[in-house]
Amino acid sequence: MSLAPGQAVRVKLEWPETKGPCHIRTPHYLRGRQGVVERRLGSFANPEDLAFARPAAALDLYHVRFDQPAIWGEGHAGDAIVVELFETWLEPA
Amino acid sequence: MNVLEADSGKLLAAVTALLAQKGIVQPPEIAERIAVTDAANPGQGARMVAKAWVDPAYRALMLEDGSKAAEEIGIPMRGMPPLGVLENTPSLHHLVVCTLCSCYPRAVLGYPPFWFKSAAYRARAVRDPRGMLADWGTPIPENVQLRVVDSTADYRWMVLPLRPAGTEGWDEARLAELVRDGDMIGVTVCKVPS
């Protein structure tokens, strides 16, 4: 999956931590949220496997921008949160 | 033996010896990395910022590839995560946090301030960044957009602050003395001391 700058994406609404030991770099507050791709940052070994010394595939890492007040239901219009997210956590919105 | 209760010095010696024995990493490499880590300090990031303020080509390089820009002025980046640089403008302010743990641009800023890893900073920086910054004496004007950069994965982020007014004609060394670690993660803005 290749995502272009400006593309709308949704963070998967998944909670692997409820199913057993895991290491996740996708913050809780973004699960299920919609954002916009800023740019692709590069390709990096999947930390979810690295953390357990398992063979780790290289995954695309994206900088994704989210509307900040929309996440919390408060804040200043126009403010944003920008986060690094791996391709496996993103789906086109 | 319970490793959690073991003497930390002995534990370190044992792990270091095992790493060497297994051919994973040798003591001189560990010593070199400790020396690089200890030598890193906010003065390195400040040199980058000051150069970017006076040299448009360097500024462009820094925004395109922070790691290359750091290496160009002699900051060791080998084995360090890639460095991204966030440009503050009169209409856009950046704030850096790591809500998951403690990612910090150590290669160019050194060890993080003690509060950077606190649950309070990590929670409030994403939830109420304007309130937090105002409490800390850096109110963000209404007409300036705020971007909180949550450092969650393989990049490390530093802010290129706005050059303060009243520094026209200053040379790089004098400008670099103005730049503080807080300015380079966006919890403060760079000012000329009054």
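Predicted model: local features only at pLDDT ≥ 70, side-chain atom pairs only at ≥ 80, totals over all residues.
Visitor: Which radius of gyration does chain A have, and why does it agree with a compact globule?
Guide: Chain A has 93 residues, and for that number a compact globule would have a radius of gyration near 12 Å. The value for chain A agrees with this, being 14 Å.

Visitor: What elements does chain B have, and in what order do they run?
Guide: The C-alpha atoms of chain B fill a box of roughly 60 × 35 × 30 Å, taken along the principal axes, and chain B has 9 helices and 4 strands. From the N terminus on, the order of these elements in chain B is α-α-α-α-α-β-β-α-α-α-β-β-α.

Visitor: How much area is buried between chain A and chain B, and which three residues of chain A supply more than any other three?
Guide: The contact takes 23 residues from chain A and 22 residues from chain B, and the area buried between the two chains is about 2100 Å², with carbon and sulfur atoms giving 49% of it. Of the area that chain A buries against chain B, 26% is supplied by three residues, more than by any other three, and these are Arg25(A), His76(A) and Glu84(A).

Visitor: Which residue of chain A forms a salt bridge with Arg147(B)?
Guide: Across the interface of chain A and chain B there are 22 residue pairs in polar contact, and the rule for salt bridges finds 3 of them there. In one of these, the closest N and O atoms are 3.2 Å apart, and the partner of Arg147(B) is Glu38(A).

Visitor: Which element gives the most to the side of chain A that touches chain B?
Guide: The elements that give two or more residues to this side of chain A are strand 2 (34–45), strand 3 (58–67), helix 2 (68–72) and strand 4 (80–86). By class, the side of chain A that touches chain B has 12 nonpolar, 4 polar and 7 charged residues. With 6 residues, the element of chain A that gives the most is strand 4.

Visitor: What is the bridge partner of Val82(A) in strand 3 of chain B?
Guide: Strand 4 of chain A pairs with strand 3 of chain B, residues 145–150, in the parallel sense and over 4 bridges. In that strand of chain B, the bridge partner of Val82(A) is Val149(B).

Notes:
Residues numbered from 1 in each chain as written. Chains lettered and ligands numbered in written order. Heavy atoms only, no water. Contact = heavy atoms within 4.5 Å. Buried area = accessible area lost by both parts, 1.4 Å probe. Salt bridge = Lys/Arg side-chain N within 4 Å of Asp/Glu carboxyl O. Polar contact = N/O pair within 3.5 Å; in protein donor to acceptor, adjacent residues only side chain to side chain. Nonpolar A, V, L, I, M, F, W, Y, C, P; charged D, E, K, R; others polar. Pairing = 2+ DSSP bridges. Rg over C-alpha atoms; globule rule 2.2 N^0.38 Å.
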